Amino acid sequence: SLSHIMSENESGIQKAYTTEFNPTTCEVKPVLNYGDYVMGGDIMSDMISQVEQNGDKVVFAINGDAYDTSNGVSND
């Protein structure tokens, strides 16, 4: 299932999505994929293509929002 919550801060309205599944009752399996390097970005559609080249089908993808999209540096 996919759900979301909305809130507002000094940057305006923020929306957070969550995905939930039960691996014992469905055949969906989590796959971790990432770009060529940590200190930079990669395009989501490119990463999906990489996974699907292995014969898998991507049902949903979650972007790593813990990174500053202007420079690719982790916000941790």
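Two strands pair if DSSP finds at least two bridges between them. Strands here are DSSP runs of E with at least two residues, while helices are runs of H or I with at least four residues, and both are numbered from the N terminus. With that in hand, take the pair in this structure: strand β1 (residues 2-9) and strand β2 (residues 12-19) run antiparallel to one another, joined over 8 bridges.

A word on where the numbers come from. This is a predicted model, with residues numbered from 1 along each chain as its sequence is written, and local features need pLDDT of at least 70, whereas side-chain atom pairs count only at pLDDT 80 or more. Totals for chains, interfaces and linings use all residues, and side-chain values use heavy atoms, with hydrogens and water left out.

How far does the predictor trust itself? The score to look at is pLDDT, the predictor's confidence in each residue, from 0 to 100. The protein averages 78, and 71% of the residues score at least 70. Confidence is highest in β1, at a mean of 86, and lowest in β2, at 84. Where pLDDT is low, the predicted coordinates should not be read in detail.

Now for the layout. The protein has 2 strands and 1 helix, and reading along the sequence gives the pattern β-β-α. A hairpin takes the chain from β1 to β2 through 2 residues.

The C-alpha atoms of Thr-19 and Leu-2 are separated by 4.6 Å, although the two are 17 residues apart along the chain. Contact means heavy atoms within 4.5 Å. Leaving aside neighbours within four places in sequence, Thr-19 is in contact with Ser-1, Leu-2, Phe-60 and Ile-62. Is Thr-19 buried, exposed or partly exposed? Buried means under 20% relative accessible area, exposed over 50%, and partly exposed in between (1.4 Å probe, protein chains only). Thr-19 is partly exposed, because its relative accessible area is 31%.

Phe-60, one of those contacts of Thr-19, sits in the segment after α1 (44-52). Phe-60 counts as partly exposed because its relative accessibility is 37%. Together with Phe-21, Val-59 and Ile-62, Phe-60 makes a nonpolar surface patch of about 390 Å². Patches are built from residues with over 30% relative accessible area and no salt bridge, joining like charges within 9 Å and nonpolar side chains (Val, Leu, Ile, Met, Phe, Trp, Tyr) within 5 Å.

Val-58 lies in the segment after α1 as well. Apart from its neighbours within four places in sequence, Val-58 is in contact with Ile-48, Val-51 and Glu-52. Val-31, in the loop between β2 and α1, has its C-alpha atom 9.1 Å from that of Val-58, and the two are 27 residues apart along the chain. Val-31 counts as exposed because its relative accessible area is 51%.

Back in helix α1 is Ser-45, which is partly exposed because its relative accessibility is 44%. Ser-45 and Ala-61 are 16 residues apart in sequence, with a C-alpha to C-alpha distance of 9.4 Å.

Then there is the charged pair. A salt bridge is a side-chain nitrogen of Lys or Arg within 4 Å of a carboxyl oxygen of Asp or Glu, and by this rule the count comes to 1. Its partners are Lys-57 and Glu-52, at 3.6 Å from N to O. Lys-57 is exposed because its relative accessibility is 66%, and Glu-52 is partly exposed because its relative accessible area is 28%.

Finally, the whole-chain view. Buried residues make up 7% of the 76 residues. The protein exposes about 6,700 Å², of which carbon and sulfur atoms supply 51%; accessible areas come from the Shrake-Rupley method with a 1.4 Å probe, and for residues only the protein chains shown count as cover. Among contacts with a separation of 6 or more, 17% are between residues 24 or more positions apart.
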